[in-house]
Every structure is written in C-alpha cells, then in structure tokens.
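Could you walk me through this one?

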Amino acid sequence: MKISPSTKGLIISVITVLCAFGIYNFFLAKKNYYLVDNPTDQTYYFNINNEGEKIISAGQKVHVDLKKGKNDIKVFDGQKKMLYDSGFVVNKNRGLLNIAHQDYYVNEQFYGYGLNKDSLIAVRKQTDIDGKLYLNSPVRFNKLYTDAFYYNIDEDYDGVVKNIQKVESRTKIFRKQDFLNYYKEYYQFK
C-alpha cells in the first residue's frame, strides 16, 4: 500500500503536535499543588479535614490535597499536644500552609524586553526586615494560609521571558532566610 504525500504530511503534523504537547506537559507546564511547610527545627503533627494524621519534620515541606472552599486543620507539637484548631479558605489551585506561623516574604520580579528593573524596583517602597531596609516592597506573611503568589517556595522564577511585548511580573513566596539569600544574590545595585 502506497501512502500519498498528503497523508504523509498529515501523519508528520500529527506526530509533531503530539511531541509538542508531550514536551509542554512534562517539562513546561506549571503544576498546581498545595504545600505544608515547616522551616523550624521542630516536628509537628497535623490533620487536615479529618483525613488522617500526618507528620512534618524540621525543615520539611509536604504536598497535601485540599479542596476549594473551607478547610480545617489541627496542629500538634512533637509530643502530640494540640497547638491550635483552625480553619482557612482555599480560593486558588496552589497555596502554602504555614503551620509554624514563621515569616515568609512574597517578592515580585519583573519581566520584559528592554526593561530597566533597577528603576522599577527603586521607586517602590522599602520593607524593614530585622532593622535593614529591602527594596522592591517584599510583603511579609506569617499567617496560616496564603495563595497570594505565583511560584511556591520550591519553585524558581522563570529564566526565560515569555512575552516580550509588555512588562509583566510574577510573585514568589520565600522562607525568610531564603529570601534574604536571594535578595543578596539577585539585587546588586551599583
């Protein structure tokens, strides 16, 4: 059976589309998930929506399943003594549970072609962290739950500018020490 040139073209285009879809899905697509984070040196036990007890060790982060809407959490210390029983509302497809109520910082990074980042960042207000002022208005967060960010603590900012026609920004949440390290490395003003 002989395949016509138009059939060959159709087969090649279908294979190309499937390969492009596969590459996007496995390497480029942004995964949505929820994290429970513990940047302290303590161990905690927690129970979300009465679905069984989980443990989180010092410095660990754990993926959890949450439903949109109201959720409940019970948090216990290392001796399984209850610390608090609280509720929170999930609105987005990704979020961070801060069960230890530690300080996190949400930072905004700008993207765009021909972008003068220094001037954009310098005109924003400064944030005081431990008596030192930090540019670009990083937002402190220490409550139980947030979904007010684009990149979670275990993700990196995009290295590639996706849309060069306009200036865009993305926010990322950092543990406090991770933010201070990032700031020292990234923001090198002259």
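Here are a few questions and answers about the strands and the surface.

Me: Before we start, what kind of model is this?
Reply: Residues are numbered from 1 along each chain as its sequence is written, and side-chain values use heavy atoms, without hydrogens and water. Local features need pLDDT of at least 70, side-chain atom pairs count only at pLDDT 80 or more, totals for chains, interfaces and linings use all residues, and the model is predicted.

Me: In the open sheet of four strands, what is the order?
Reply: Strands here are DSSP runs of E, at least two residues, numbered from the N terminus, and two of them pair if DSSP finds at least two bridges between them. In this sheet the pairing is antiparallel, and the order is β3-β2-β5-β6.

Me: Which residue in β3 stands opposite Phe-46?
Reply: Strand β2 (residues 44-48) pairs with β3 in the antiparallel sense, over four bridges. Opposite Phe-46 there stands Lys-54.

Me: And which residue stands opposite Lys-61 in β4?
Reply: β4 pairs with strand β1 (residues 34-37), again antiparallel, over four bridges. Facing Lys-61 is Asp-37.

Me: Is Tyr-24 buried, partly exposed or exposed?
Reply: Tyr-24 sits in helix α1 (residues 5-28). Buried means under 20% relative accessible area and exposed over 50%, with partly exposed in between (1.4 Å probe, protein chains only). Tyr-24 has 46%, so the word is partly exposed.
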